Amino acid sequence: ANSSQPSPLSTIQTGTNTNEIGGNTPVFASPQASNELVYIIITVLSAVNLRAADVGRNSSTSDPFVSVRIGRTTLKTGVIKKNVNPVWNETLVFEVRGNWKGELIDGTVYDQDMLSKNEKLGNFV
């Protein structure tokens, strides 16, 4: 370990090693530092047997995407067209300042609708 880097008090993803983004940026969190920048990394993998929200003459399907919220920040995956078993395999990187440990990670799966409001298919916390 490089002695010029601060030693992590806790890590975001794994217990003993400091995780890195882009090779040189350590990801660590100090519960005592109220204004420290922390990266929270969430990978959205897939969904299985989503409800078909787009029912038409030739098919019943959805155009799903995932919206993830931590505090006041919301990030979204791309839309997978006409699929009730989507595979996103997308990584969302949140930058959080301050005491993040009490923040709820809230996720919602939506069906994208071009002519009306996006329809909620489900959620996770």
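## Confidence and overall make-up

The mean pLDDT of the chain is 75, and 72% of its residues reach 70 or more. This is a predicted model. Residues 1-32 form a stretch where pLDDT stays under 50, and the model gives this stretch 46 contacts beyond four places in sequence. Where pLDDT is low, the predicted coordinates should not be read in detail.

The chain holds 10 strands and zero helices. Read from the N terminus, its elements run β-β-β-β-β-β-β-β-β-β. Of the 125 residues in the chain, 33% are buried. Among contacts between residues at least 6 apart in sequence, 52% join residues that are at least 24 apart.

## The four-stranded sheet

Four strands make an open sheet, in the order E7-E6-E9-E10, with antiparallel pairing. Its edge strands are E7 (73-76) and E10 (119-124), each of which pairs on one side only. From one strand to the next, the twist averages 25°. Strands of a sheet pair through backbone hydrogen bonds, either parallel or antiparallel.

The pairings can be taken in order across the sheet. E6 and E7 run antiparallel and are joined by four bridges. In this pairing, isoleucine 70 stands opposite threonine 73 of E7. E6 and E7 also form a hairpin with two residues between the strands, in which glycine 71 takes a positive phi near 60°. On to the next pair, seven bridges join E6 to E9, again in the antiparallel sense. Serine 67 has threonine 108, in E9, as its bridge partner. Finally, E9 pairs with E10 over five bridges, also antiparallel. Here the bridge partner of aspartate 111 is glutamate 119 in E10.

How many of the seven residues of E6 are buried? Six of them are, so E6 is largely enclosed by the rest of the structure.

The largest nonpolar core has 17 residues, and the members that touch the most others are Ile40, Val68 and Phe94. Strand E3 (37-46), strand E6 (64-70) and strand E8 (87-97) are the elements that give two or more residues to this core.

Valine 68 has contacts in several parts of the chain. Apart from neighbours within four places in sequence, valine 68 is in contact with Ile42, Val44, Leu92 and Phe94, among others.

## An aromatic pair between E6 and E9

The count of aromatic pairs comes to one. The ring centres of phenylalanine 65 and tyrosine 110 are 5.5 Å apart and the ring planes lie at 25°, so the pair is stacked; the cut-off for stacking is under 30 degrees. The pair links distant parts of the chain, with phenylalanine 65 in strand E6 and tyrosine 110 in strand E9, 45 residues apart.

Are the two residues buried or partly exposed? Phenylalanine 65 has a relative accessible area of 5%, so it is buried, the limit being under 20%. Tyrosine 110 has 25% relative accessibility and therefore counts as partly exposed.

## Threonine 108

Threonine 108 is found in strand E9 (residues 105-111). Because its relative accessible area is 10%, threonine 108 is buried. Not counting residues up to four places away in sequence, threonine 108 touches Phe65, Val66 and Ser67, and also Lys120, Gly122, Asn123 and Phe124. Ser67 among these is the bridge partner already described.

## Arginine 51

Where does arginine 51 lie? Arginine 51 is in the loop between E3 and strand E4 (54-55). Its relative accessibility is 42%, so arginine 51 counts as partly exposed.

Arginine 51 and asparagine 83 are 32 residues apart along the chain, and their C-alpha atoms are separated by 9.9 Å. Leaving out residues up to four places away in sequence, arginine 51 touches Ser62, Val84, Glu119, Lys120 and Leu121. Glu119 is also the residue of E10 that is the bridge partner of aspartate 111.

Conventions:
Residues are numbered from 1 along each chain as its sequence is written. This is a predicted model: local features need pLDDT of at least 70, side-chain atom pairs count only at pLDDT 80 or more; totals for chains, interfaces and linings use all residues. Side-chain values use heavy atoms; hydrogens and water are left out. A nonpolar core is a set of buried Ala, Val, Leu, Ile, Met, Phe, Trp, Tyr and Cys residues joined through side-chain atoms within 4.5 Å. Buried means under 20% relative accessible area, exposed over 50%, partly exposed in between (1.4 Å probe, protein chains only). Contact means heavy atoms within 4.5 Å. Rings of Phe, Tyr and Trp (its six-membered ring) pair if their centres lie within 6.5 Å; planes under 30 degrees apart count as stacked, over 60 as edge-to-face and the rest as tilted. pLDDT is the predictor's confidence in each residue, from 0 to 100. Two strands pair if DSSP finds at least two bridges between them. Axes are lines fitted to C-alpha atoms, for helices over the stretch in contact, and angles run from 0 to 180 degrees between N-to-C directions.
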